[in-house]
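I'd like to walk you through one model, so please have a look at it while I talk.

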Amino acid sequence: MKRLAALAIAATALLALPAAAQDRTPVLVVVTSGNAQTQLMSMILTMQAAQKGAAPHILLCGAAGDIALRDAPESATATQPPRDLSPQGLMQTIMQQTGTEVQVCAIYLPAKDLDASALIDGVTVADPAEMGAMIADPAVKVLGF
């Protein structure tokens with residue numbers, strides 16, 4: 001009897017998971033700025049939103065795409081006061097701790113004559129149709145930096 005009750009509780013918990021995930025507000029964070037302080041602040045706000053229950057997705061375009069490179073410029077990896085965080089370091093923390101998907105714009109790598117191997121682990125190339133659908137979805141908050 002105890003085993004049946006435990007299975008019922010486990011099944012109920014599993015059924016509740018998708019509903020809880022759906023309750024999270026989707027937020028698309030589009031970062032285009034090449035300014036390291038702006039890049040870091042976009043990551044700080046993304047982390048805060050995730051910690052408050054949002055479901056963020058990060059899209060890096062133009063100069064901001066550089067923070068996703070294995071061989072990133074110093075501006076992407078240098079720490080900034082007051083907490084000694086870097087844009088790339090905090091982005092990786094967000095990915096690891098919150099499961100946030102990070103993508104670069106579809107034209108970013110070809111414009112730099114690079115391929116996906118130039119990206120840090122976990123970062124992928126965005127599909128324009130999927131990004132367009134996300135932007136058009138009224139349930140998605142879109143933030144630009």
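Let me start with a term: a disulfide here is a pair of cysteine sulfur atoms within 2.5 Å. By that rule the structure holds one disulfide. Before I go on, please keep in mind that this is a predicted model, where local features need pLDDT of at least 70 and side-chain atom pairs count only at pLDDT 80 or more, while totals for chains, interfaces and linings use all residues. Residues are numbered from 1 along each chain as its sequence is written, and side-chain values use heavy atoms, with hydrogens and water left out.

So, which cysteines form the disulfide? They are Cys-61 and Cys-105, with sulfur atoms 1.4 Å apart. Cys-61 sits in the loop between β2 and α3 (74-77), and Cys-105 in the loop between β3 (101-104) and α5 (108-111), so the pair ties together parts that are 44 residues apart in sequence. Those element names are DSSP runs numbered from the N terminus: helices are H or I with at least four residues, and strands are E with at least two. Both Cys-61 and Cys-105 are buried; buried means under 20% relative accessible area, exposed means over 50%, and partly exposed is in between, using a 1.4 Å probe and protein chains only.

Now to the sheet. Five strands form an open sheet in the order β4-β3-β2-β1-β5, with parallel pairing. At the edges are β4 (123-125) and β5 (141-144), each of which pairs on one side only. From one strand to the next, the twist averages 25°. For two strands to count as paired, DSSP has to find at least two bridges between them.

Let's step through some of the pairs. β1 (residues 26-31) and β2 (residues 55-60) are joined in the parallel sense by six bridges, and Val-29 stands opposite Ile-58 in β2. Next, β2 and β3 run parallel with four bridges, and here Leu-59 faces Gln-103 in β3. Then β3 and β4, also parallel, share three bridges, with Val-102 partnered by Val-123 in β4.

Lying across β1 and β2 is helix α2 (residues 36-51), which runs at about 160° to β2. Axes here are lines fitted to C-alpha atoms, for helices over the stretch in contact, and angles run from 0 to 180 degrees between N-to-C directions. In the loop between β1 and α2 you'll find Ser-33. Is Ser-33 buried or exposed? At 18% relative accessibility, Ser-33 counts as buried. Leaving aside neighbours within four places in sequence, Ser-33 is in contact (heavy atoms within 4.5 Å) with Thr-38, Gln-39, Ala-63, Ala-64 and Phe-145.

Finally, some backbone details. Most residues other than glycine have a negative phi, and most peptide bonds are trans. With that in mind, look at the bond from Pro-81 to Pro-82: it is cis, with omega near 10°. Pro-82 belongs to the loop between α3 and α4 (87-98), and Asp-84 is found in the loop between α3 and α4 as well. Asp-84 has a positive phi, near 55°, and counts as exposed at 53% relative accessibility. Asp-113, in the loop between α5 and β4, has a positive phi of about 60°. At 71% relative accessibility, Asp-113 counts as exposed.
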